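This report describes selected features of a predicted model, element by element. The sequence and structure are shown first.

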Amino acid sequence: MSRKITIDPVTRVEGHGRVTIHLDEYGQVKDSFFHIVEFRGFERFIQGHPYWEAPVLVQRLCGICPVSHHLAAAKAIDQLVGIDPKDLSATATKLRRLMHYGQVFQSHALHFFYLASPDLLFGVDAPVEKRNVVAVALENRELAIKGITMRKFGQEIIKAVAGKKIHGILAVPGGVHNNLTEAERDYFLDGKEIENIDTMIEWSLAMVDFIKGYHEKNRKFLDEFARFPSGHLGMVNEWGALDLYDGQLRAINSEGDITLDDVSTDLYQDYFSEAVAQWSYMKFPYLKQVGRENGWNRVGPLARINVCDSVPTPLAEKARTDFIAFTGQKVNNSTMYSHWARLIEVLHCAEMIKDLLHDPELMGNDLIRKGITRQKGIGIIEAPRGTLTHHYEVDEKGMITRCNLIVSTTHNNDAMNTAVKWVANNVISRKGTITDGMLNQVEVAIRAYDPCLSCATQAMGKMPLKAELYNYKGELINEKFKN
Amino acid sequence: MKNLRTEKAGTLLVGIGNSGRKDDGLGWKFAGLVSESANSFIDCEYRYQLQVEDVLMTCRYDKIIFVDATHEVLEDGYELKPCRVAPHYYYSSHMQSPETILYLAKELYNKEPDAFTLAITGKQWGLGTSLSPEAERNLQKAWSFFEKELFQHVRITA
């Protein structure tokens, strides 16, 4: 008998998705899909608005990564006023970078401590009651407090430069609207009122040590779980080093061969196309020259560590070389190594924040530059979850006529579907039954990509957890709800 | 800038929602009314959704009022209820409930402020910055109640 198993929505991802696994009459997996079924509307919503509103409006896409959307939009809008990244003042660039590193730091910390750590601490077979922040807090109080404190530190960085932690405004067309005061800077350095940046680096190092030790103890599972070949995409600077704020696009295939050779972000349309599927509102980006079947790429921490030649801060670079030495591979295609890569980036961000806080140009007064206006602007940054593209076109009055957003989770669409297929084939197929532990492994595979479905679909809302079971005739024979 | 380690007695009102999603902006609108009131003795914060680090914020106050829109059709258009500590959690990841925030405050920081939820009924949830007429009426009803009960220092107790 053919059955369809539905997980709806996937837990502990932002927004709502739905997984269906189709079994044939022998209980073998016939097919599986990670559906995104919410309607995308933001790209249309923003049309007709003046361009200078975009960096503010796009923050409403998501409460988790508003800073990433703000900065990607700002980079695009800079171009509409004739300012390329190299033309921005040093003060404006460094303030934006500080905000960005604060965002990535707090986002990665949240993901590790509260979304990934339940899987790591309690195991993928743990009962659903344990796979949450409350269980982490009860069983490891120190870890929970560190997680909250690191998250708060990043949020305070954002608040210091943008005025508030969610939907704050730093960037304006051609620059920033305020600098950092000495008192605001010292707040993060002196340790009098909050744990200081040196403590954040110390804790970040401890997290990297923890995850390395965890991999040593659980190597077989972490190496093999949801491992599959794919391309990897990320941004690097002119020396090939990791750069989360600005640079060129680089992609490699699963063997490490270059498939996109440090291309200017302005040219993304020449190299990328987006496929669609009837069963999902989320698009499927791929490299044109490689083709739809093999041209898709993972993005995010693992992809970035795979594509870069180095990390431009000493402690994180040491962590990267340890990571590569551990695996002994040129390219890492194991999904679960995303967590280790994410923690290397946490350390990198902490180091970058410290360097910036000691840079007097943060207090400079050269805030806004102006150039000759244009009618097209493209801004790309490396958001916590991966490469984020904002593309705007305007009419002669500066009103937005076209908006195209390719968010990180969209790039990872194929990767998440492939990860779900891996679990379906290797964990569920031929078992004859579906347990909570099996279903959680589907979610573990998806969670490693830290998907933000609010961003990907530009929709919001609440839904209960819903599981549906269909027989081979398509009749609903069982359903479960979890609020 | 506020000191994370400093205790701060008083009342905090947290508006939860998204002003870009029509009636989902009710929480923010209400917080705006409170913060703009000349008589306000209440600190106001705005949240798209509650997250774990908000535990630290709640630890600094004696009394917390969480304000959010609701789909539920309430008899008066709004409802104020005590908010009890509870270890439940949402499946949609980063979002935490007021009850869980209070639970973590108690477990991790030994703080247990008096807390309430104020739910206001909304009707429209699409893209847009204006409230529906129904939500606007409910907002005004809730605001009238709040002015009478709190701005005249009538104590609410859990």
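## Helix H1 of chain B and its cover

In H1(B), the residues Leu26(B), Gly27(B), Trp28(B), Lys29(B), Phe30(B), Ala31(B) and Val34(B) are buried. A residue is buried if 20 or more other C-beta atoms lie within 10 Å of its own, exposed if 12 or fewer, and partly exposed in between, with C-beta atoms placed from the backbone. Helices (H or I, at least four residues) and strands (E, at least two) are DSSP runs, numbered from the N terminus. The cover over the buried residues of H1(B) includes E1, E2, E3, E5 and H4 of chain B; contact here requires that the C-beta atoms of two residues, placed from the backbone, lie within 7 Å.

This is a predicted model, in which local features need pLDDT of at least 70 and side-chain atom pairs count only at pLDDT 80 or more, whereas totals for chains, interfaces and linings use all residues. Residues are numbered from 1 along each chain as its sequence is written, while chains are lettered from A and ligands numbered from 1 in the order in which they are written.

## The five-strand sheet of chain B

Chain B holds an open sheet of five strands in the order E2-E1-E3-E5-E4, with mixed pairing. Strands E2 and E4 (78-82) of chain B stand at the edges with a single partner strand each, so one side of each has no neighbour in the sheet. From one strand to the next, the twist averages 20°. Helix H1 (residues 26-36) of chain B packs on this sheet, touching E1, E2, E3 and E5 of chain B, and its direction makes about 145° with that of E1(B). Such angles run from 0 to 180 degrees between N-to-C directions, and axes are lines fitted to C-alpha atoms, for helices over the stretch in contact. Helix H4 (residues 133-149) of chain B lies across E4 and E5 of chain B and runs at about 150° to E5(B).

Strands count as paired if DSSP finds at least two bridges between them. E1(B) is joined to strand E2 (residues 42-47) of chain B by six bridges, and the two run parallel; Gly15(B) stands opposite Tyr46(B) in E2(B). E1(B) also pairs with strand E3 (residues 63-70) of chain B, in the parallel sense over five bridges, and there the bridge partner of Gly15(B) is Val67(B). Val67(B) in turn stands opposite Leu118(B) in E5(B), eight bridges joining E3(B) to strand E5 (residues 114-121) of chain B in parallel.

## Burial along strand E1 of chain B

Strand E1 (residues 11-16) of chain B is mostly covered, with six of its six residues buried. In a regular strand the side chains alternate between the two faces of the sheet. Thr11(B), Leu13(B) and Gly15(B) point one way from E1(B), Leu12(B), Val14(B) and Ile16(B) point the other way, and all are buried.

## Helix H4 of chain A

Chain A has 17 helices and 16 strands, and buried residues make up 55% of its 483 residues. For helix H4 (residues 90-122) of chain A, 33 residues at 1.5 Å a residue should span 48 Å, and the end C-alpha atoms are 46 Å apart, which agrees; the expected span is 1.5 Å times one less than the number of residues. A kink of about 55° lies at Ala116(A), shortly before the proline Pro118(A), the bend being the angle between axes fitted to the seven residues ending at a residue and the seven starting there. In H4(A), 28 of the 33 residues are buried. Gly123(A), with a positive phi near 90°, follows the helix.

The axes of H4(A) and helix H13 (residues 338-357) of chain A come within 9 Å and cross at roughly 145°. Residues of H4(A) that meet H13(A) include Tyr101(A), Phe105(A) and Ala116(A).

## Two residues with positive phi

Most residues other than glycine have a negative phi, and most peptide bonds are trans. Ala226(A) has a positive phi of about 55° although it is not a glycine, and is found in the loop between helix H9 (219-224) and E6 of chain A. Because 27 C-beta neighbours lie inside 10 Å, Ala226(A) counts as buried.

Asn110(B), not a glycine either, has a positive phi of about 55°. Asn110(B) is placed in the loop between helix H3 (98-109) and E5 of chain B, and counts as exposed because it has 8 C-beta neighbours inside 10 Å.
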